[in-house]
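This briefing goes through one protein model by topic. Look at the structure first, then read the points below.

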Amino acid sequence: LSRLKNLLSQIDRNELDGVEEAFAEIEFETKNSPLSKKEKFEFDKMLRRVKDALAHAKEDRLLEDASYENFITVLNEKKRRRTEVKNNLDILRKTRSSGHLDFSQAIELEEAIQVETQALTTIDAEIQELKRQVQKQES
């Protein structure tokens with residue numbers, strides 16, 4: 001988790017060199033490591049935060065140019081991320097409906113559902129804004 005926190009602070013400082021490679025390395029290492037369910041949940045939550053922050057930083061860099069092609073690239077990336085978030089939200093909701101959770105797991109799951117729902121709402125708003133900007137560029 002500390003390595004992910006370091007990556008997050010690098011992204012916040014806009015130091016993106018090597019962040020993607022380090023992120024991929026950490027992601028690969030953890031898929032092969034034995035973690036408890038709680039540790040895995042916390043780790044996955046942090047992975048999503050870093051992944052989202054990295055995506056936002058890359059999108060911001062592309063949008064600085066404000067070219068039509070960059071708007072289309074970012075719009076397509078946001079649509080891909082929306083699909084990813086929606087799929088994750090569906091999995092969380094199915095897990096909730098299974099009913100095989102203790103109290104603390106149910107609380108953590110509800111928290112994750114709220115986070116994903118908020119992320120989906122944010123991405124939807126960003127997609128609408130990008131669509132408006134693309135239309136403005138086309139006219």
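Glutamate 69 counts as exposed because its relative accessibility is 54%, and exposed means over 50%. The model shown is predicted.

**Glutamate 69 and the negative patch**
- Glutamate 69 is part of helix 4, which covers residues 68-98.
- Together with Asp60, Glu64 and Asp65, Glu69 forms a negative surface patch.
- Helix 3 (residues 37-65) supplies three residues of this patch, the largest share.

**Asparagine 70**
- Asparagine 70 is also located in helix 4.
- Asparagine 70 counts as buried because its relative accessible area is 14%, and buried means under 20%.
- The side chain of asparagine 70 comes to 2.9 Å from the backbone oxygen of leucine 62.

**Overall build**
- The protein has five helices and zero strands.
- Read from the N terminus, the order of elements is α-α-α-α-α.
- Along the principal axes, the C-alpha atoms fill a box of roughly 55 × 35 × 20 Å.
- The protein has 139 residues, of which 29% count as buried.

**Salt bridges between helices**
- Side chains of opposite charge can pair when their charged atoms come close.
- The whole structure holds 15 salt bridges.
- One of them joins the side chains of arginine 3 and glutamate 25, at 3.3 Å from N to O.
- Arginine 3 is in helix 1 (residues 2-12) and glutamate 25 is in helix 2 (residues 19-31), so this pair ties together parts that lie 22 residues apart in sequence.
- Arginine 3 is partly exposed, at 38% relative accessibility, and glutamate 25 is partly exposed at 43%.
- Another salt bridge links the side chains of aspartate 124 and arginine 82, at 2.4 Å from N to O.
- Aspartate 124 belongs to helix 5 (residues 103-138) and arginine 82 to helix 4, so the pair connects parts 42 residues apart in sequence.
- Aspartate 124 has a relative accessible area of 26% and is partly exposed; arginine 82, at 27%, is partly exposed too.

- Arginine 132 and glutamate 129 form a salt bridge, with their closest N and O atoms 3.1 Å apart.
- About one helical turn separates arginine 132 and glutamate 129, because they are three residues apart in helix 5.
- Arginine 132 is partly exposed at 48%, and glutamate 129 is partly exposed at 34%.
- A network of salt bridges links Asp52, Glu59, Lys78, Arg81 and Glu126.

Technical notes
Residues are numbered from 1 along each chain as its sequence is written. This is a predicted model: local features need pLDDT of at least 70, side-chain atom pairs count only at pLDDT 80 or more; totals for chains, interfaces and linings use all residues. Side-chain values use heavy atoms; hydrogens and water are left out. Patches are made of residues with over 30% relative accessible area and no salt bridge: like charges are joined within 9 Å, nonpolar side chains (Val, Leu, Ile, Met, Phe, Trp, Tyr) within 5 Å. Accessible areas come from the Shrake-Rupley method with a 1.4 Å probe; for residues, only the protein chains shown count as cover. A salt bridge is a side-chain nitrogen of Lys or Arg within 4 Å of a carboxyl oxygen of Asp or Glu. Lys and Arg count as positive and Asp and Glu as negative; His and the chain ends are not counted. The place of a charge is taken as NZ of Lys, CZ of Arg, CG of Asp or CD of Glu. Helices (H or I, at least four residues) and strands (E, at least two) are DSSP runs, numbered from the N terminus. Buried means under 20% relative accessible area, exposed over 50%, partly exposed in between (1.4 Å probe, protein chains only). A polar contact is a pair of N or O atoms within 3.5 Å; within protein, one must be able to donate a hydrogen and the other to accept it, and residues adjacent in sequence count only if both atoms are side-chain atoms.
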